Amino acid sequence: MSPKDNTALTPDRKEKGFLGRGVAPWAGFGVTLRTFFAKPVTEQYPFKGKYPAPFPRYHGRHQLNRYPDGLEKCVGCELCAWACPADAIFVEAGANTPDEQYSAGERYGRVYQINYLRCIFCGMCIEACPTRALTMTNFYELASATREDMIFTKDELLAPLEEGMLPAPHPMVEGLTDDDYYSGKVTGPTDRQAEWVRLHRPGDVAGEAVASGAAGQGGQS
Amino acid sequence: MSTPDLVACTIDGIEIEVPKDTLIIRAAEEAGIMIPRFCDHPLLKPVAACRQCLVDVASPAGPEGKLRAFPKPQPACAISVTPGMVVNTQLSSEAAKNAQEQVAELILINHPLDCPICDKGGECPLQNQAMSTGRSVSRFEDKKNTFPKPLALTPQILLDRERCVLCQRCVRFAAQIPGDPFIALQKRGANQQIGRFDPSVLGVAETAGQLADQTAGDIPAICGEPFAGYFAGNIIQICPVGALTSAAYRFRARPFDLVSTETVAEHDSNGSAIRVDYRRGTVLRRLAGDDPSLNQEWISDKDRFAFRWQAAPDRLERPLVRQGDQLVEVSWPEGIRAAVEIFDSATNPAVLPGGRLTLEDAYAYSVFARTVLGTDSVDFRARPSSHEEAQFLAHFVAGAGLGVSLDDLAQAPAVLLAGFEPEDEGGIIFLRLREADTKVYSVAPFASRGLRRLGGKLLRALPGGEASALDALSSAADGPRAEAAAALKGGVIVVGERLASSPGAYTAALAAADRLGARLVWIPRRAGERAAVEAGLLPGLAPAGRSLDALADDVAETVFGGPMGLTPGLDLPGIIAAAQAGSVDAVLMGGLELADLPDPRAASAALNTAKVVALQVRGDSISPWADVILPVAPPQEKAGTFINWEGRLRPFPQVLTSTALSDARVLQVLADQLGFESRIGELATSHQVFGWLGKPSARRAAPAVAPRAPRPLGAGQAVLSTWRYQVDDSAALDGEPYLAASAPAPVARISAVTARAVGVRQGDYLNVSTSGGTITLPVAIDDLPEGVVHLPAKSPGSWTLVTLTATDGDLVGISAAHGPKEVAR
């Protein structure tokens, strides 16, 4: 770069006059003076006020999604853990059995942990997930006084049950395969799934509510 | 060995000389060129089933030797190199590259691409080669073939037919290597699939679906029903896709989670090379290692699957001390103090270290017994044994160093097996014998399934009558005995530990080897027995085959820190009897099970009388008798050295991080606390002793025991033939239900004549009894001598030592039974 270019980059300012040069050292206090009379902006976070949601694609806390009938999407493949540059994810898979079917297909994520002390919210795990089980929410209020609390386990990460969902475990929609689940052929639990939950988990309140009311309209679309 | 004929050829422009009959794919490997492949396996015969290795080949033809190319690409795995051949692989030939891409595309047509849920994902040749030689985008848009999955081929092996690329490695392995063709290619065309005999697949019967319904996690109710051999697990490892998976490892980890350690298997005396994979301190699977001179790339299912015993729920972490009726967990100092009190007050202690120790631990027991405890009553044999055997071991095995090797066995003109069932008691020895051209003869009551698959000849002998049979070898004028005698010149006689219950058999084997010009080798069943012999864990035997009573001063100084003045000690039956009588008042025990001792009831009574300090990995088997239990490390948590039956040192590293102490370390602490300046833990000393192995020393006297005279059989009496099956009720299988379920069904084998005499037919139940108890098993008619009944020694419902207090060669009563009975263990 030539010296000429260099001068071109320097801002073109007028030389200050005598008064200007005299006041310059105190000019900065003008800001201070102004704020003496302004209204203070102390945010009583998180106790008061409403805070705008971040942008829709903000990388917040993760969520493990469910199919519309309530079965988990996670198959415990560990590709998220593999992709994670911060080694924040720990997964151990398990085999679904007829009595305990948590996800569609043969395999489910038995143990799922994300360590938010390590997570850098880069979203590589989301890209790696083959079943779109793992997505990120906009939730950013991740703070705690202990290290243990910052390791989120599967029950904390699982998406809340939406209207009409039956909590796992319960059998898959009869006659459908995991491919059908993946391609969106399931819209909600069927009567037989509801019946199964009533029979096998009679004490389950969440399942009971759905099984007695909402179920029936769902199933195969 | 002479230099093999070399053939010169050119591969991708690289000129290379390889031995005659080398396949192109192997020659390319020599030249550093990787040709993709699925069906090809160096230890299986070529089949060219997958067509993934297509290459352009041209070879000189015609009188002028002009180079003529094959019109189409050829499979590199099935064509041998010829002189002047020019091969162009995917690296230099567009046609070969194109052919390989198209084959990869064809193979992937029906592959489900469910890699995220597949156990092979991450270590899968199909994944790798689809990336390296496949097309980047699939053009296939139709529906893929689907099958219900997974199909349980055996309890421990699951088949996912969708993922299969029909390379037939598994089918070829089963037929060629162990000779258990339990699976085959079925159906034709697009429906072609691998399967076991299954009516629903073959469409031959209305009762379809019985086997197909068995899916993952189902363990068949009938034990033995899906028995597919002792080596079936190898097909999981050689499957180039995720079609064959292990029920125990299913969905447990991905390859990148695992830390792998090359180590040595602890289940039999071969010391097979294995690879242990663990995740976060838990061993999840074991694979065959690669040791061309030993187990090649195969291991037995027991070596592969049975590892959870090392982390079983009854695994001990702290010392236990008896307080009243209970064993109470205490700290190490308290545990050591309690053990020290027992040994301090003992007047006549004895040591039963068991047969599964490393050389270092065995050596520590040997020195601890002789110096600290001042006793020579030490016997490693936790099984039926004899004085003759101890003499034989001291005379022939101890200090002998490297003897007959597995390669020698495979290259010998003939092998004679005595008291040794090649498959049940030999593990991978069976595979090597089957692969070799060696003629196999077996001195046994009947041709076992293993012997039949070896194409071996039976030299029939009654159980306990092996001595006479060996003596009669050279006196026979013709027939198989004479044939065996002739073939054995330069051959090998293999004697197993079962000969201990056959009086005179070791004497006869030594004589026969001498007479016939054959070499002799002793093959025990357990991993630590050879090391125990070398460490001198027998009465009167010092380490490295030296005699304890005539020990040179310098040796005594090195090993024991001074001359020995010990009275001759007792062997196992002697120790048990003396403990029962009260003259042996303290017993130091290593890892052994009372159920394996010749008379478990007497042993139990004896140990109740004497004070017992046990060094145990697990607590359950010994706890009722022990006064102090000090926990020690299982093989995967310590480093050590096994000596396999060849005499080869098989050192292995510590696999898992652990605070558990080895037996030698615990004995060192005990010795220190007992006030001995011991040399037990000194590696330098023990390795100096190992250095003596194989150095000539004065041989101890050979046994001279006469064969047992034939015994007349009363009505309803029979001679018991029995041995431990490879997969049985062994404590090593604890926590591994899938493997245990694949065990052969326990049956009582008798001849048709004996069956008629007793009044039973095939499938009826037979009572086999002694004064101790009765074993009831279904009858299987087999080619046994009259008046012989064969039972598995420790299979479900058939624990001969515990129930009958009888072993191979003993007399038992047989009678018809009316139904199955649960046999109390």
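This is a predicted model: local features need pLDDT of at least 70, side-chain atom pairs count only at pLDDT 80 or more; totals for chains, interfaces and linings use all residues.
Two strands pair if DSSP finds at least two bridges between them.

## Strands S23 and S24 of chain B

Strand S23 (residues 586-589) of chain B is joined to strand S24(B) by four bridges, and the two run parallel. Within this pairing, Leu588(B) stands opposite Val613(B) of S24(B). Strand S24 covers residues 611-616 of chain B, and six of its six residues are buried, so the strand is largely enclosed by the rest of the structure. From S24(B), Lys611(B), Val613(B) and Leu615(B) point one way, while Val612(B), Ala614(B) and Gln616(B) point the other way; all are buried.

Which residues does Val587(B) contact, leaving aside its neighbours within four places in sequence? The contacts of Val587(B) are Pro349(B), Ala350(B), Leu352(B), Ala579(B), Leu607(B), Ala610(B) and Val612(B).

## Nonpolar cores

The largest nonpolar core has 250 residues. Val587(B) belongs to the group with the most contacts inside this core, together with Leu416(B), Ala418(B), Ile493(B), Val494(B) and Ala509(B). Helix H9 (residues 359-372) of chain B supplies the largest share of the core, nine residues. Another core, of 32 residues, lies apart from it; among its members are Tyr67(A), Ala93(A), Cys119(A) and Cys118(B).

## Helices of chain B

Helix H10 (residues 387-397) of chain B is mostly covered, with nine of its 11 residues buried. The buried residues are Glu388(B), Glu389(B), Ala390(B), Gln391(B), Phe392(B), Leu393(B), Ala394(B), Phe396(B) and Val397(B). After H10(B) comes Gly399(B), which has a positive phi near 75°.

Two packed helices are described by the angle between their axes and the distance between the axes. For helix H8 (residues 332-345) and helix H21 (residues 663-673) of chain B, the angle is about 65° and the axes are 10 Å apart. The crossing of H8(B) past H21(B) is right-handed. H8(B) contributes Ile336(B), Ala339(B) and Val340(B) to the contact, and H21(B) contributes Val669(B), Leu670(B) and Gln673(B). By class, five of these residues are nonpolar, one is polar and none is charged.

Helix H21 of chain B also holds Ala664(B). Is Ala664(B) buried or exposed? A residue is buried if 20 or more other C-beta atoms lie within 10 Å of its own. Ala664(B) has 27 C-beta neighbours inside 10 Å and therefore counts as buried. Ala664(B) lies 32 residues from Val632(B) in sequence, and their C-alpha atoms are 9.2 Å apart in space.

## Chain A

Chain A contains nine helices and five strands. Along the sequence, these elements follow the pattern α-α-α-β-α-β-β-α-β-β-α-α-α-α. Chain A has 221 residues, of which 29% count as buried. Among its contacts between residues at least 6 apart in sequence, 74% join residues at least 24 apart.

Three strands of chain A form an open sheet in the order S2-S3-S5, with antiparallel pairing. Strand S2 (89-95) and strand S5 (151-152) of chain A stand at the edges with a single partner strand each, so one side of each has no neighbour in the sheet. Val91(A) stands opposite Tyr112(A) in S3(A).

## Sheet S7-S8-S11 of chain B

Chain B has an open sheet of three strands with the order S7-S8-S11 and antiparallel pairing. Its edge strands, S7 (151-154) and S11 (244-246) of chain B, each pair on one side only. From one strand to the next, the twist averages 35°. Thr154(B) has Ile157(B) in S8(B) as its bridge partner.

| Strand pair | Bridges | Direction |
|---|---|---|
| S23(B) and S24(B) | Four bridges | Parallel |
| S2(A) and S3(A) (residues 107-115) | Seven bridges | Antiparallel |
| S7(B) and S8(B) (residues 157-159) | Three bridges | Antiparallel |

## Contact between the chains

How many residues does each chain bring to the contact? Chain B gives eight residues and chain A gives 14 residues. On the side of chain B that touches chain A, five residues are nonpolar, one is polar and two are charged.

Technical notes:
Residues are numbered from 1 along each chain as its sequence is written. Chains are lettered from A and ligands numbered from 1 in the order in which they are written. A residue is buried if 20 or more other C-beta atoms lie within 10 Å of its own, exposed if 12 or fewer, and partly exposed in between; C-beta atoms are placed from the backbone. Two residues are in contact if their C-beta atoms, placed from the backbone, lie within 7 Å. Axes are lines fitted to C-alpha atoms, for helices over the stretch in contact, and angles run from 0 to 180 degrees between N-to-C directions. A crossing is left-handed if the near helix is turned anticlockwise from the far one by less than a right angle, and right-handed if clockwise. Ala, Val, Leu, Ile, Met, Phe, Trp, Tyr, Cys and Pro count as nonpolar, Asp, Glu, Lys and Arg as charged, and the others, Gly among them, as polar. A nonpolar core is a set of buried Ala, Val, Leu, Ile, Met, Phe, Trp, Tyr and Cys residues joined through C-beta atoms within 7 Å.
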